[in-house]
Protein chains: 2
Amino acid sequence: MNRGWGKLKAFPGKLKKLGKDDPRRIIHSLKVGLAITLVSLLYYFEPLYEGFGVSAMWAVMTVVVVFEFSVGATLSKGLNRGLATIVAGTLGFGAHRLADLPGERGEPIILGLLVFLQASMMTFIRFFPQMKAKYDYGLLVFILTFCLISVSGYRDDEVLDMAYQRVSTILIGGFTAMLVCIFICPIWAGLDLHNLVANNIEQLACFLEGFGLEYFKTSEDEESNKTLLEGYISVLHSKQTEESLAIFARWEPFHGRFRFGHPWKQYLKIGSLTRKCAYRIEALHDYLNTENQTPQEIRSKIQEESIKVSSESVKGLKELAMAIKTMTTPSAAILHITRSKIAAKNLKFMLNTELFKEISDLLEVIPALTMASLLADVVSCSEKIAESV
Amino acid sequence: MNRGWGKLKAFPGKLKKLGKDDPRRIIHSLKVGLAITLVSLLYYFEPLYEGFGVSAMWAVMTVVVVFEFSVGATLSKGLNRGLATIVAGTLGFGAHRLADLPGERGEPIILGLLVFLQASMMTFIRFFPQMKAKYDYGLLVFILTFCLISVSGYRDDEVLDMAYQRVSTILIGGFTAMLVCIFICPIWAGLDLHNLVANNIEQLACFLEGFGLEYFKTSEDEESNKTLLEGYISVLHSKQTEESLAIFARWEPFHGRFRFGHPWKQYLKIGSLTRKCAYRIEALHDYLNTENQTPQEIRSKIQEESIKVSSESVKGLKELAMAIKTMTTPSAAILHITRSKIAAKNLKFMLNTELFKEISDLLEVIPALTMASLLADVVSCSEKIAESV
């Protein structure tokens, strides 16, 4: 009881935070409300009502179902729904006529068979990965419309009229949703993808920055900012988000600095390289745990070079993120990355010469060596990212 | 033109492969066909038709939309839809009565306002991560039903009748879908999750097995099986799949060896540890590339111990996967992992003593060292997995 009350009290605060984190959410909610209210006019005004009758509710339904957060998603759903309705409506009508041929008794058997075959086939096709990614919703609507048209046709012979009404109300609903979505504060999936990819690279830079400080901090230092170090975790799991954004982005028309045929696939490539880099960083992260730490004296020896490697990569990665954001050639980034490569080589060389003479126990340096070579891996990963920007 | 024809010719082959990869897909498709044909009877038999009228199509629609691949997903969607319809139907009726109070002129204004507020609020609530994961579909249906009932109520005063019809047809459709889904060759999300988690661990074992062979192969050897080495990639991206399966699994009733309140969260924990291990393995994978390779003589020295480490981990991981599958305590697995830990320590010790005396160039061994210490990381990761099984 008390727990429920506590949750209820926390609710307005959570709502506020949700809106503050991304104000576009509030705008989107208002847009949905607006579109639905607009379409409700279909029911409201007498003359339209006469024309469409009960089918008018399809318009409301279409708006509710089709209206998504980004323009690309809305367009993809709307076009899928519109096209599937038209095709399935035509085929359904054909099935209805076909079932009529053998007379009263054969009709239900043929209809049942056709519906069964169609539904099974389409459900199976939905398992195709390419189909699932792009046309899943269209296939669903296809099954639905086909069943409704062909079976309801059995009842009354106004099938054509019904099909016409369904198609036209869905078009009205779909267009209302798309127009509101595009012309009132549009939210572009393409822009989201663009920013996500750039931010992910920035997250890696943040981690490396924090890592340098954390790894070489002396025990007296204050507990440093852990959140800085955990930003990269979201990068690890960004694959699905990036892929769906890229699919939506392909549906979007010309907007902002993006043209038709913008190379969305390139973003996926950069994204997967960024993730590869993040996996190395995940392995590096382990070296912050105390059990894995190298003795203080060895650490202080490699401190200078290591920090140089990481700070140059940080600069490079930040420049890269900036270059993606502003869509320029990342010449400054390449410079920094080259420098960090040199620093990484120096670090290895130094380990080889100076350290090698002094140490007696190889076991002690293994973590440091591993760290250094992971760091070098990160650098070469970021080089690959730079190449593909 | 030629390309289109080629694609068309490849289509039947692809269909066959899709069915062969997972025969449950064919069964699922047939089940959907069956359920839809069953519900079409609602339209077909005269007496039922009299009772429900046009609303009968809601039953068809419910089946199409609710029927999902696994039992858990179907139940979750069906219950979401049923509950949302009942609640939103009641509230919609209330809104309709409320709007009636101020007379003919105020009605549309109040209705419009209510619809707008309701749609905006609910759309916003859908952004809550917890809501999105579990009740997203319910909220969508809520918006839809509320609009349909409250606005269509404006037209004719048979709202109650309409609400009753909609609720009852949806219940019929939902129950048909759920019954067919549960009683004809059910596909359990819980079982899928169970197998996925176990298989992911097995994939890691496969990689390590292949890695041992590949890393120490002499140049004369045949090109070995690369696919064995790439199974782990799917593990890296399994987070979302696991999470949605766990959500669905919670909706499922008692089945097989799974009871109510089965610890599905534990699977997520094991899954995330498995992924952590996979990230290390991704880093290890780099050491198969020729540019990173250690000279032959050094490799042959560490060969025996390294292979011992990896083969013991392989055995341990395989035992773990088996233990998860059969739901037994992984005592054999713990034994193997302890052994591989000892082997990893030996490997490090050997590197420290023997190798250290002979080598002149530390740079040459760095990759081998890093490899060894990543291997040790993998071992300690698998130890953590074993603890949480």
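Predicted model: local features only at pLDDT ≥ 70, side-chain atom pairs only at ≥ 80, totals over all residues.
Residues are numbered from 1 along each chain as its sequence is written, and chains are lettered from A in the order in which they are written. Local features need pLDDT of at least 70 and side-chain atom pairs count only at pLDDT 80 or more, while side-chain values use heavy atoms, without hydrogens and water.

**Salt bridges**

A salt bridge is a side-chain nitrogen of Lys or Arg within 4 Å of a carboxyl oxygen of Asp or Glu. By this rule there are six salt bridges over all chains. The table lists some of them, including one in chain B.

| Salt bridge | N to O distance |
|---|---|
| A:R24 and A:D192 | 3.0 Å |
| A:K77 and A:E68 | 3.3 Å |
| B:K77 and B:E68 | 3.2 Å |

A:R24 forms its salt bridge with A:D192. This pair joins distant parts of the chain, with A:R24 in helix α2 (residues 24-44) and A:D192 in helix α9 (residues 189-215), 168 residues apart. Helices are DSSP runs (H or I, at least four residues) numbered from the N terminus.

A residue is buried under 20% relative accessible area, exposed over 50%, and partly exposed in between (1.4 Å probe, protein chains only). A:R24 is partly exposed because its relative accessibility is 28%. A:E68 is partly exposed at 25%, and B:E68 at 26%.

**A helix pair in chain B**

Two packed helices are described by the angle between their axes and the distance between the axes. In chain B, helix α5 (residues 71-100) and helix α6 (residues 106-125) pack at an angle of about 145°, with axes 8 Å apart. Axes are lines fitted to C-alpha atoms over the stretch in contact, and angles run from 0 to 180 degrees between N-to-C directions. Among the residues that meet are B:A95 and B:L98 in α5(B), and B:I110 and B:L114 in α6(B).

**Arginine 126**

B:R126 lies in the loop between α6 and α7 (129-155) of chain B. Its relative accessibility is 16%, so B:R126 counts as buried. B:R126 touches B:K132, B:D136, B:L139 and B:L140, leaving aside residues up to four places away in sequence; contact means heavy atoms within 4.5 Å. B:R126 and B:D136 are ten residues apart in sequence and 6.1 Å apart in space, C-alpha to C-alpha. In chain A, A:R126 is buried at 15%.

**A nonpolar patch**

Chain B has a nonpolar surface patch of about 790 Å², with B:L34 and B:F175 among its residues. Patch residues have over 30% relative accessible area and no salt bridge; like charges are joined within 9 Å, and nonpolar side chains (Val, Leu, Ile, Met, Phe, Trp, Tyr) within 5 Å. Helix α8(B) gives the most, with four residues. B:L34 is in helix α2 of chain B and is partly exposed at 34%.

Key. Areas by Shrake-Rupley, 256 points an atom, 1.4 Å probe, with all protein chains shown as cover. Helix = DSSP H or I, 4+ residues; strand = E, 2+ residues; numbered from the N terminus.
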